[in-house]
Amino acid sequence: MENRNPPLTEALFYILLAAREPIHGYGIIQEVSEMTGGRVNLGPGTLYGAINSMLERGWIVLYSADPGSRKKKEYVITGTGREVFRAELLRLRELVRNGEKMEDGI
């Protein structure tokens, strides 16, 4: 079975998770930081580079935008984005399962 999408970076994974409901860029930064207890801090360059990439791939869409402000754009995950997220979640679960099997031997 061929996997069309490579493994997600941690940033992409969390951005897709944050975009389960319409959210603006700064809200994504805040939510990811909160979800990870401050361990993952997305910088604006990383965030907007990832957003542009995911928009091109059809994983998220622009949900709404304030024409007077570039900061007021909200994004939301698409059906394709949900499929990519779920596939990554399955991949990560497999990694954990296999790692736990070997844990005592390492």
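1. The predicted model contains two aromatic pairs, a pair being counted where the ring centres of Phe, Tyr or Trp (its six-membered ring) lie within 6.5 Å. One of them joins F13 and Y14 in an edge-to-face arrangement, with 5.5 Å from centre to centre and 85° between the planes. Planes over 60 degrees apart count as edge-to-face, those under 30 degrees as stacked and the rest as tilted. Ring pairs also bring F85 into a cluster with F13 and Y14.

2. Residues are numbered from 1 along each chain as its sequence is written, and side-chain values use heavy atoms, with hydrogens and water left out.

3. Buried denotes under 20% relative accessible area, exposed over 50% and partly exposed the range in between (1.4 Å probe, protein chains only).

4. Helix α1 (residues 10-18) is largely enclosed by the rest of the structure, because seven of its nine residues are buried. These are A11, L12, F13, Y14, I15, L16 and A18. They pack against β1, α2, α3, β2 (60-64), β3 (74-77) and α4. Helices (H or I, at least four residues) and strands (E, at least two) are DSSP runs, numbered from the N terminus.

5. The packing of α1 on α2 has an angle of about 110°, and the two axes lie 9 Å apart. The two helices are therefore roughly perpendicular; this class covers 65 to 115 degrees, whereas angles under 35 degrees count as roughly parallel, over 145 as roughly antiparallel and the rest as oblique. The axes are lines fitted to C-alpha atoms over the stretch in contact, and angles run from 0 to 180 degrees between N-to-C directions.

6. At this contact (heavy atoms within 4.5 Å), α1 contributes Y14, I15, L17 and A18, and α2 contributes I28, E31, V32 and M35. The contact comprises seven nonpolar residues, no polar ones and one charged residue. Ala, Val, Leu, Ile, Met, Phe, Trp, Tyr, Cys and Pro count as nonpolar, Asp, Glu, Lys and Arg as charged, and the others, Gly among them, as polar.

7. Three salt bridges are present, each defined by a side-chain nitrogen of Lys or Arg within 4 Å of a carboxyl oxygen of Asp or Glu. In one of them, R39 meets E10, with 2.3 Å between the closest N and O atoms. This pair links distant parts of the chain, 29 residues apart: R39 lies in the loop between α2 (25-35) and α3 (44-57), and E10 in helix α1. R39 is exposed at 54% relative accessible area, while E10 is partly exposed at 39%.

8. R20 forms a salt bridge with E31, the closest N and O atoms being 2.8 Å apart. Here too, distant parts of the chain are linked, since R20 sits in the loop between α1 and β1 (23-24) and E31 in helix α2, eleven residues apart. R20 is partly exposed, with a relative accessible area of 42%.

9. The salt bridge of R91 with E88 has an N to O distance of 2.8 Å. Because R91 and E88 are three residues apart in helix α4 (residues 79-102), about one helical turn separates them. R91 is partly exposed at 27% relative accessibility, whereas E88 is buried at 6%.

How values were computed:
Predicted model: local features only at pLDDT ≥ 70, side-chain atom pairs only at ≥ 80, totals over all residues.
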